[in-house]
Amino acid sequence: MPRVPRTHPGHLVLGLLLLLQGAAARGAPAAAARFDAATFDPLVTDGIRRGAYPGAVLVVGRHDAILFSKGYGRFTWSPASRAMDPDSTLFDLASLTKVVATTTALMLLVERGQVDLDAPVARYVPEFQTPAITVRQLLTHTSGLRADIPTPELRALPDSAALMRRVMAETPRTPPGTRVVYSDLNAILLGEVIRRVTGEPLDVFTAKEIFAPLGMRASVFRPPRALVPRIAPTGVWRGHPVAGVVNDGSAFKLRGVAGNAGLFATAADVARFAEFMLARGVTADGRRLLRAETVRLFTTKATNGGKEARALGWQALPTGEETSSAGTLFGPASYGHTGWTGTSLWIDPDRDVFVLLFTNRAFAPRAHKPFTVVKEVRASLADAAARASDAH
């Protein structure tokens, strides 16, 4: 997967000489902070040692280059299982689906004038029974809807149509626009908005309009059976690893295609997406897919709910004393998202750097609090990448 920067070789040599001269002038060692294994390996392997996940993939990059890419550990705790690899291993992205697929699709539709952020959701989905809720409120998780359908109720629903009818009947638990409550129902409704506006299911629209232009060839909803051996497992059934089936209950009930979860992808693919976001809407081949103003609109903090500060679709850095999986050094304009299965992506546009950590935390963790361990690893990696970026 490693790709060199799109820069003339002579410029690289000159830049290296200037870097070394600057470090010497400051009396600092040139290798104090680097994008290398010595910097990142101890942090990722610490999560394996502590039992939070059996394997992981880390990619750090900027808008025009991959700076570091490596796989760690294996699919399961067995030393005989498949090794993690940035290019070939597919992960259940879980809630990263919300930003990579759903939010990006909305960015396209807003820019094309097909969706109005401040229009009521009912304009696009007439069956939705709360006309006061807007598309913007779904994106910022300020709709007032509850987090999700409780598991016992979800299991009792006979099929995907019944689940969608239940979602359409949801009413706010708090007044819309007054409080941030992270909700899968918001994203499910956004996926339905996309389907109604485009006339295509979310998987079809995103494959054509997002994944193909960005070269994300291994990104797919409902992965075919042939891909299952490459998918990191996220569960165990009767002693056997489970892979290739979306881990989220609502997305599973919706047959694997939903606005909140369901996307499977490699780290290499999502790194291309992160480069595209840092390039403010320009693909690797120079094509402008989104205007820079649209990218800025969706990634700028729109509301602050402490640890749930939100941009449009994206999570923003919290303010005050709240902690973040983006660490303590990423800039105030940073944005990102995490997934329950153990995935995460954080982007710092001021530093022009992203940190992507994919783990299969959901697979039989040995740690007492695996989520806490993963959050600590994410924060440490973000801080390490920030220091390395500042040193360069």
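Visitor: Which way do the residues of strand β7 point, and are they buried or exposed?
Guide: In β7 (residues 263-266), Leu-263 and Ala-265 point one way and Phe-264 and Thr-266 the other way, and all are buried. Buried means under 20% relative accessible area, exposed is over 50%, and partly exposed is in between, with a 1.4 Å probe and protein chains only. Strands here are DSSP runs of E with at least two residues, helices are H or I runs of at least four, and both are numbered from the N terminus. This is a predicted model, where local features need pLDDT of at least 70, side-chain atom pairs count only at pLDDT 80 or more, and totals for chains, interfaces and linings use all residues. Residues are numbered from 1 along each chain as its sequence is written, and side-chain values use heavy atoms, leaving out hydrogens and water.

Visitor: Ok, which strands pair with β7?
Guide: Strand β3 (residues 90-92) runs antiparallel to β7, joined by 3 bridges, and Phe-91 stands opposite Ala-265. Strand β4 (residues 220-221) also pairs with β7 in the antiparallel sense, over 2 bridges, with Phe-221 opposite Leu-263. Two strands pair if DSSP finds at least two bridges between them.

Visitor: Where's Arg-222, then?
Guide: Arg-222 sits in the loop between β4 and β5 (235-237). Its phi is positive, about 50°, although Arg-222 is not a glycine. At 48% relative accessibility, Arg-222 is partly exposed.

Visitor: Switching topic: what order do the strands take in the open sheet?
Guide: The order of its 6 strands is β2-β1-β11-β10-β9-β8, with antiparallel pairing. β2 and β8 (315-316) stand at the edges with a single partner strand each, so one side of each has no neighbour in the sheet.

Visitor: Which helix packs on that sheet?
Guide: Helix α10 (residues 267-278) does, touching β1, β2, β9, β10 (343-348) and β11 (353-359). The direction of α10 makes about 155° with that of β11. Axes are lines fitted to C-alpha atoms, for helices over the stretch in contact, and angles run from 0 to 180 degrees between N-to-C directions.

Visitor: And which residues touch the most other members of the largest nonpolar core?
Guide: Of its 84 residues, those are Val-135, Phe-273, Met-277, Trp-314, Leu-345, Ile-347 and Phe-354. Helix α3 (residues 97-111) gives the largest share of this core, 9 residues. A nonpolar core is a set of buried Ala, Val, Leu, Ile, Met, Phe, Trp, Tyr and Cys residues joined through side-chain atoms within 4.5 Å.

Visitor: How about helix α2, which of its residues are buried?
Guide: Phe-40, Asp-41, Val-44 and Gly-47 are buried in α2. Seen down the axis of α2, the buried residues fall within an arc of 130°, so they line one face of the helix. That arc is taken from the directions from the helix axis to the C-beta atoms. On the other side of α2, Ala-38 and Arg-49 are exposed.

Visitor: What covers that buried face?
Guide: The cover over the buried residues of α2 includes β1 (55-62), β2 (65-73) and α12 (370-391). Contact means heavy atoms within 4.5 Å.

Visitor: Last one: where is His-141?
Guide: His-141 lies in the loop between α4 (135-139) and α5 (151-156). His-141 is buried, with a relative accessible area of 3%. Leaving aside neighbours within four places in sequence, the contacts of His-141 include Arg-179, Tyr-182 and Arg-310.
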